[in-house]
Amino acid sequence: MRLIKKGAEANLYLSELNGKPVLIKRRVEKSYRLGTLDRKLRSYRTIHEAQLIHEAKSAGVPTPIIYLVDEESFTIVMEYIVGERLKEIFNKPFKRSHVNSSRLIGKQVALLHRQNIIHGDLTTSNMILTEDGKLYFIDFGLGYHSNALEDRGVDLYLLKRALTSTHHRVANRCFKLVLEGYKTVLKKDGELVTLKIREIERRGRYHGERM
Amino acid sequence: MLCLGIESTAHTFGIAVASESGEILSDVRAVYKPPTGSGIHPREAAQHHVQIAPKILQEALRKASVRAEEVNAVAFSMGPGLGPVLRVGATVARALSLHLKKPLIPVHHAIGHIEIAALTTGLRDPLTVIVSGGHTAIVAFSNGYWRVFGETEDITLGNLLDALARKLGYPSPGGEKIEELAEKGGKYIDLPYTVKGNDVAYSGLLTAAVKKLKESAEVEDVCFSVQEIAFAMLVEATERSLAHLEKKELMLTGGVAANRRLQAMFKEISREHNAVFKVVDRRFTADCGAQIAWTGILAYKAGVILNVSESAVKPRWRIDQVPIPWRGDGICV
C-alpha cells in the first residue's frame, strides 16, 4: 500500500487486489474540527460516495468500480483509473480536445441530473480522461440526491467557477460547450438551468447585475 | 513617496499615511456604532463619517508629521460597500486630490485587506482567505487578477457573527463578543453544515442557530457550535483549494481574522499541507485607512490613476474584476 496523494479530505493509496491495481480512499481524521462533527461528516460521505458512484454508473457515467466499503475506517476500495486529469488537459491552449471533453462533461452531468444525482464538486481535478476516450467522474463525497432546479444550477455554477478560476484562458468557451452537451440530454431543462445559473450568480456577493 | 488613504465602505471611516517603503506613518479611524440590536444604517453611518472626517484627516496628518502638500497621491476605497458611505470617502478624496493637485487612486477594499496582509506577513504568493463583514472568499493571484476559488453563496462570516450578536443584544461588529461567549461554551449542538464544492453558505446556519436560542439552548453553547461549524466549513473549503492549487503559503485577512479559534484551525491545515500560515497584523484586521494607503502606493507606482470625472463609487465591485498590474503575471495554475 503506497500513499499516492494527500487530498483535502482523504488519503489515496495504491494497492493490489487479485493482481489488479486498486485505489484505497481513506477519509482521515481532521483535527481542526470537533470529533463529533468530524466522525459524522466522514461516515456520511464515505457511505454516500460509494452509493452515488454506483448509481452514476447505472446513469451511464463512467465511474470506478467499488470493491469494498468500510464504514469503521471510513474507507472505500475502488478500481484504479489510469488516465489524464482534465485539469492538466484544460491547462493547455484551446484545441479540439477541449471541445470534445467539454461537450462530454455537459452530457454526463445531464445524465447524472436526469437520475436525480447531484455531483456536488464538479471540478477538472475530479474528472479523468482515459486513453479510449472515456471520461471518468470521481469524488462524489459532496454528492446527494435531488431533482430541484436550484441544486442542478448550483452543480453547474460550481463547475463554471472552477473553470474561470483555474482555467481562465479557456473557461468561457469550455463552459458554453458544457451547456451545449448538457442540452443534448436535457433539452428543456437545459434552458431553465442556464437561467438558474445566472440567478445564482446574481444572488452571490457584489454582482453588478443584481441591481 | 507618500500616499494618503481613505477607507469608507461601512462602519469605519479611516485615514492613513503610508510610505513607499511600507511604513504606516499614521492610521486613524472612527467607527460608527449603530444602536444596540440593530444593524448599520447607511445614511446614519454616512452622516457619522461626514462629521468625523475633518478631525480624522487632521489627526492622520499630525500623527504622520506630514503636511498635506507633502502627500504624493490620494487613494480611496472606491468599492464595494454601502453607497452613501462610499460617497463620503470619495468626496473627501476628490476634494483633496483637486486641492493638492495630486493624483487620485482607486482602491478595491478587499484588495486592500490582501495587500496590507501581504505587507505585514511578507508572504509573496499566498492562497488568501478574506473574512470580513463584506467578504468571505478564498482567492489566489493568477495572471493579472485575484481569482476566486471559493466564496460564500449568501451571507458572509462577518454577517453571520454580527447577526447572531445582535440577536443576543450586543452591538455590531459582534465577532469579538461571540468569540468570548464561545470560549465559555463546550456542548456541541447539531446545526446545518453547508459546503458546496469550494463554496459555503451561512444563512441556513444562522436561521437554525436563532431557532435554538428561541428554544432556550445555552447561549454559550450556541455560540460555540456556530463558530465550530461555520469555521470548519470555511477551513474545509480552503483545504480543498490548497490541495487543488498546491500553494505553499496561506494567508488570513479581514476583520474575522482576529478570531483565535479560526486562526488555530487554519494553522492545522497549513501544517497538513506543508504550507506557511500567516495572519494579517492584528492592528490591521479591521477596516482601516492603512489598507487603502498602502494599496494606493502599489497602484500609483503601477500607473493606476483615476480622473475625477471617472471616480463614481462602485458599491458592487467584485474582487475578481480588478486588474492588478503591480503583481506581474503571477503564477499560472
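I began with two helices of chain B: the axes of H4(B) (residues 157–167) and H5(B) (residues 175–184) come within 8 Å and cross at roughly 75°. That makes H4(B) roughly perpendicular to H5(B) (65 to 115 degrees counts as such). The axes are lines fitted to C-alpha atoms over the stretch in contact, with angles from 0 to 180 degrees between N-to-C directions. Helices (H or I, at least four residues) and strands (E, at least two) are DSSP runs, numbered from the N terminus.

I listed the contact next: Gly158(B), Leu161(B), Asp162(B), Leu164(B) and Ala165(B) of H4(B) meet Gly175(B), Lys177(B) and Ile178(B) of H5(B). Contact requires C-beta atoms, placed from the backbone, within 7 Å.

This is a predicted model, where local features need pLDDT of at least 70, side-chain atom pairs count only at pLDDT 80 or more, and totals for chains, interfaces and linings use all residues. Residues are numbered from 1 along each chain as its sequence is written, and chains are lettered from A and ligands numbered from 1 in the order in which they are written.

I looked up the loop between H4 and H5 of chain B and found Pro173(B) there. A cis peptide bond joins Ser172(B) to Pro173(B), omega about -10°. I noted another cis bond from Gly79(B) to Pro80(B), omega near -10°. Pro80(B) sits in the loop between E4 (73–79) and H2 (83–100) of chain B.

Ser65(B) has phi near 50°, and Ser216(B) has phi near 55°. Ser216(B) lies in the loop between H6 (203–214) and H7 (219–245) of chain B.

Notes. Parallel < 35°, antiparallel > 145°, perpendicular 65-115°, else oblique. Contact = placed C-beta atoms within 7 Å.
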